[in-house]
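Welcome! Please take a moment to look over the structure below, and then read on for a short tour of some helix contacts and a pocket.

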Amino acid sequence: MEQVSHLFAFNHFVIALVALTLMVLLARVIVAGTKYSSLLVIVVAGLGLGALLVQTGMAQPGLGEFPVIVIVGQTTVIALIASFFVGGQEIKRLLSKQSPDGADADYFVPSTKEVLMGTTSTQMTYIIRGFFLLVGIQAADVLISGRADTALLGESYLLFAYVCLAIGFMFIDRRAKTSNKAQYIRKGVVEVLAIIVVLNLSLMISKAIAPYIGLPQIFFAMILSSGLGMLLPKWKLGPTMNALLFAGIPLVLAGGFLVGGSHMIEAFGIPGLQSVIIYGFSGQIFWMFGGLALLIFAGNANHVRNLAPGLAGGLSHSGLTGACTAGDFGPTAASRAPIMINVPFAGHIFVFTILAASAEAGYLMVQYTLPLIAAGAACVYFSLKTLRNANGCEASEVKGLMQFSLGWQIMAVFGSFTMLSLAGMSLEHASMSASSGLSHFGLYAAVQEGMFGATAASLITFTFAMTFLVHPLVFGMFGKAAENGGVMAQKGVAILASLGAMGVLYSMFTI
């Protein structure tokens with residue numbers, strides 16, 4: 001792409017800042033006073049606005065006219081590093097039976113003063129700061145890794161990194177209370193540097209082993225950030241981690257949905273893509289509500305403190321992960337979600353290894369996926385047994401959810417690929433179907449990086465975003481459960497799980 005002027009770049013920077021932060025804030029206003037997640041609104045608004053920009057002639061599919069929005073939609077790994085780090089901390093505390101240090105409870109106390117309906121001043125600061133951090137860290141990463149010459153905004157990345165990181169360092173909520181403001185800000189600087197190091201190291205390792213096996217960057221970013229969290233269980237989060245945990249995923253999804261929505265009209269005419277979308281929709285319902293049905297009926301774990309983090313981890317579900325870490329389902333779900341997200345990523349040693357080898361071979365290696373599906377099923381069985389006997393014990397619930405997250409993740413990922421491949425779908429299309437049918441942020445990032453080819457990389461934002469239209473139903477059920485004391489409607493879950501199973505079967509016959 002041609003190099004663009006610095007003025008042009010910063011014009012689009014301002015447009016992206018306004019468009020994305022406004023979308024997140026507007027979504028929070030709409031759901032204020034309810035138990036529903038703001039991601040429900042971001043899904044519909046992002047897809048609709050992206051399609052409208054193309055329909056009115058303001059942009060072409062892919063939103064090349066709005067490069068900064070595209071960049072934000074590609075910062076998935078940055079947003080997830082924060083979750084992986086906190087997950088590593090929680091796993092270390094769990095294994096060593098440590099409890100969070102309460103001696104410095106006043107180290108940072110967020111403000112409770114609302115500046116917009118449904119959003120406090122600290123939360124607004126997180127959202128705005130999160131945008132600057134995502135763009136600034138991405139710009140710094142591109143510069144350090146030597147990719148600026150071929151990147152969207154060319155030489156403007158240096159100014160982007162300087163301006164965004166400088167604002168990100170300084171911009172904290174003056175209404176929030178902290179026992180040592182200077183130390184808190186310095187922590188933010190250290191966290192930014194650590195994220196940039198993790199990004200570059202993970203990219204270097206991924207490139208180094210590419211001649212042998214094509215494992216994606218996110219796999220090594222997960223290992224490094226989780227490991228760092230386990231080494232530093234007592235690290236009190238600074239402004240960078242706090243902002244990315246709260247606003248990182250909503251901002252990334254807002255950018256991704258805008259780009260995905262811009263492909264909406266043209267994509268329906270692409271041969272074979274209808275089958276991808278059909279499985280994406282039906283898979284969303286089956287794997288989500290099928291998992292909920294198991295937890296509710298077989299695990300006696302019908303409460304959002306179990307259901308939300310269990311399925312966030314069990315599917316690496318981007319929407320539920322964002323809702324949990326933002327605190328939409330309460331503090332218990334928020335603290336458990338990072339653990340459940342990290343645990344199944346240990347199983348991604350098998351996921352990405354087998355899928356990378358399959359991508360190089362051009363077909364799915366079913367001889368390896370079938371034994372893993374059986375192992376995942378066994379893990380789910382033991383998890384449900386643990387949960388049935390938990391009787392409200394937190395340690396037992398967390399143990400059972402960890403087992404469930406690992407087992408259900410393996411079943412869902414390899415089950416999807418195996419069913420689709422046996423039905424005759426190409427591996428390229430199967431990668432988009434599985435990623436979209438699970439809302440799996442790890443697979444999404446891997447496909448986006450080109451693990452399954454250039455066509456899949458260009459279309460994944462659309463297929464991934466399209467199936468998010470099921471999420472109003474998902475978040476509606478979770479919101480209703482939150483209003484009902486945390487208990488989800490059993491009959492509704494059973495009906496939806498059955499419909500999802502029928503939809504998955506139907507999708508097999510449309511391939």
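Angles between axes of 65 to 115 degrees count as roughly perpendicular. In this predicted model, helix H9 (residues 239-262) and helix H20 cross at roughly 105°, and their axes come within 8 Å. H9 and H20 are therefore roughly perpendicular to each other.

Where they touch, Leu-253, Gly-256, Phe-257, Val-259 and Gly-260 of H9 meet Thr-461, Phe-462, Phe-464 and Ala-465 of H20. This contact of H9 with H20 has six nonpolar and three polar residues, with no charged ones.

## A roughly parallel partner

H20 (residues 454-466) also packs with helix H18 (residues 427-438), at an angle of about 30° and with the axes 10 Å apart. These two helices, H18 and H20, are therefore roughly parallel to each other, and H18 passes H20 in a right-handed crossing.

From H18, the residues Glu-428, Ser-431, Met-432, Ser-435 and Ser-436 take part; from H20, they are Thr-455, Ala-456, Leu-459, Ile-460, Thr-463 and Phe-464. By class, the contact of H18 with H20 has five nonpolar, five polar and one charged residues.

## The second largest pocket

How much space lies in the second largest pocket? The volume is about 1200 Å³. Of the 46 residues lining this pocket, Gln-74, Arg-147, Gln-448, Glu-449 and Gly-450 are the closest to its centre.

Elements that give two or more residues to the lining include H9 and H20, along with helix H3 (67-73) and helix H19 (441-448). The lining of the second largest pocket has 24 nonpolar, 17 polar and five charged residues.

Note on methods. Residues are numbered from 1 along each chain as its sequence is written. This is a predicted model: local features need pLDDT of at least 70, side-chain atom pairs count only at pLDDT 80 or more; totals for chains, interfaces and linings use all residues. Side-chain values use heavy atoms; hydrogens and water are left out. Axes are lines fitted to C-alpha atoms, for helices over the stretch in contact, and angles run from 0 to 180 degrees between N-to-C directions. Helices (H or I, at least four residues) and strands (E, at least two) are DSSP runs, numbered from the N terminus. Angles under 35 degrees count as roughly parallel, over 145 as roughly antiparallel, 65 to 115 as roughly perpendicular and the rest as oblique. A crossing is left-handed if the near helix is turned anticlockwise from the far one by less than a right angle, and right-handed if clockwise. Contact means heavy atoms within 4.5 Å. Ala, Val, Leu, Ile, Met, Phe, Trp, Tyr, Cys and Pro count as nonpolar, Asp, Glu, Lys and Arg as charged, and the others, Gly among them, as polar. On a 1 Å grid over the protein atoms alone, a cavity is a set of points where a 1.4 Å probe fits but cannot get out, and a pocket is an open set with protein on both sides within 12 Å along at least five of seven lines; lining residues have an atom within 4 Å of a point. Grid points are joined across faces, edges and corners, and a volume is the space filled by probe spheres set on the points.
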